[in-house]
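Reader: I am new to reading protein models. Could we go through some features one at a time, starting with salt bridges?

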Amino acid sequence: MPALNNIPSRKLLNEFTENLYEALLPIIAADDNRCLEAFVIKKMEAELEGYLTTVLQDSQKATETGNALFAKMDAICTNLRQDAELILHFDPAAYSLEEVIVTYPGFRAITIHRVAHELYKMHVPIIPRMMSEWAHSSTGIDINPGAIIGQPFFIDHGTGVVIGETSVIGNNVKLYQGVTLGALNVRKEDAKNKRHPTIEDNVVIYANSTILGGETIIGHDSVIGGNTWITESILPYSVVYHQQEQVVGERKEVREVLNWVI
């Protein structure tokens with residue numbers, strides 16, 4: 001891990017992350033497979049190379065890493081287009097692909113994740129996490145850059161979603177607000193172990209559900225209801241829900257004074 005004086009300016013890297021996000025938007029919405037315009041690539045690659053040199057302390061490796069990332073942009077954009085199309089297909093409140101791309105916080109978070117994850121796989125220190133934290137502060141969605149996420153992927157609403165570093169998420173997965181994919185135990189000695197769950201293909205996880213543990217697998221085509229707490233594996237095609245009793249009575253039956261302040 002680089003020393004504090006070898007870490008890029010958070011302000012400047014946040015600006016770079018936001019500019020990269022904005023540059024990707026029209027490309028994702030396009031029907032063709034073109035990537036960023038050449039002059040945009042050159043400018044952003046040069047800027048990123050400076051940040052990479054700061055943390056890697058090796059200008060040649062920084063150049064190679066930047067080149068490798070931007071060489072993957074076509075594939076990243078293709079994945080992101082699939083993400084946006086899934087949201088448009090399933091969300092009745094979405095009226096156009098452009099609306100999804102420009103306004104949906106879940107899409108913004110996954111856009112940055114798909115870029116940061118590539119840098120994470122290249123063992124770039126600190127920068128992927130800084131990029132993810134820009135998305136976190138912008139959307140309320142906390143995705144560690146180490147998480148492996150298939151495509152398409154849909155986070156609806158999104159506020160309060162937490163996806164841990166060693167989470168593995170399959171294809172065609174949908175998450176709602178407040179979902180946590182976390183560790184069962186928080187121990188420093190487990191840092192290099194798989195601590196977070198695996199979510200297989202075609203799973204839907206509804207709001208405020210918590211799924212914990214590196215050995216926990218949610219089987220494909222399952223539906224996880226809201227407010228559930230899961231620490232053990234679930235078989236494919238399962239439906240899991242939290243059952244609670246609700247009592248409905250007439251207000252006149254309540255003898256206590258209701259003096260609530262919210």
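Author: Start with Lys72 and Glu118, which form a salt bridge whose closest N and O atoms are 3.8 Å apart. Keep in mind that this is a predicted model.

Reader: Where do Lys72 and Glu118 lie?

Author: Lys72 sits in the loop between α3 (59–71) and α4 (73–90), while Glu118 belongs to helix α6, so the pair ties together parts that are 46 residues apart in sequence.

Reader: Is each of these two side chains buried or exposed, and how do I decide?

Author: Buried means under 20% relative accessible area, exposed means over 50%, and partly exposed is in between. Lys72 has 35% relative accessibility, so it counts as partly exposed. Glu118 has 12%, so it counts as buried.

Reader: How many salt bridges does the structure hold?

Author: It holds 7 salt bridges. Another one of them joins Glu15 to Lys11, with the closest N and O atoms 2.8 Å apart. Both residues lie in helix α1, 4 residues apart, which is about one turn of the helix. Lys11 is exposed, with a relative accessible area of 56%, whereas Glu15 is partly exposed at 35%.

Reader: What about Arg195 and Glu165?

Author: They form a salt bridge too, with the closest N and O atoms 2.8 Å apart. Arg195 is in the loop between β7 and β8 and Glu165 in the loop between β4 and β5, so this pair ties together parts that are 30 residues apart in sequence. Arg195 is buried at 16% relative accessible area, and Glu165 is partly exposed at 22%.

Reader: What should I look for in helix α6 itself?

Author: Look at its length, then its surroundings. Helix α6 covers residues 105–121, which is 17 residues, and reaches 24 Å from its first C-alpha to its last, close to the 24 Å expected at 1.5 Å a residue. Of its 17 residues, 14 are buried, so the helix is largely enclosed by the rest of the structure. Just after α6, His123 takes a positive phi of about 65 degrees.

Reader: How do I read aromatic pairs?

Author: A pair of aromatic rings is described by the distance of the centres and the angle of the planes. The count here comes to 3 aromatic pairs. In one of them, the rings of Phe16 and Tyr51 have their centres 5.9 Å apart and their planes at 75 degrees, so the pair is edge-to-face. Phe16 lies in helix α1 (residues 10–29) and Tyr51 in helix α2 (residues 38–56), so the pair ties together parts that are 35 residues apart in sequence. Both Phe16 and Tyr51 are buried. Tyr176 and Tyr206 also form a pair, and this one is stacked, at 4.9 Å centre to centre with 20 degrees between the planes.

Reader: And the sheets: what is the strand order in the open sheet of 5 strands?

Author: The order is β1-β4-β7-β10-β13, with parallel pairing. At the edges stand β1 (142–143) and β13 (229–230), each with a single partner strand, so one side of each is left without a neighbour in the sheet. Strand β1 is joined to β4 (residues 162–163) by 2 bridges, and Asp142 has Val162 as its bridge partner in β4.

Conventions
Residues are numbered from 1 along each chain as its sequence is written. This is a predicted model: local features need pLDDT of at least 70, side-chain atom pairs count only at pLDDT 80 or more; totals for chains, interfaces and linings use all residues. Side-chain values use heavy atoms; hydrogens and water are left out. The expected span of a helix is 1.5 Å times one less than its number of residues. Buried means under 20% relative accessible area, exposed over 50%, partly exposed in between (1.4 Å probe, protein chains only). Rings of Phe, Tyr and Trp (its six-membered ring) pair if their centres lie within 6.5 Å; planes under 30 degrees apart count as stacked, over 60 as edge-to-face and the rest as tilted. Two strands pair if DSSP finds at least two bridges between them. A salt bridge is a side-chain nitrogen of Lys or Arg within 4 Å of a carboxyl oxygen of Asp or Glu.
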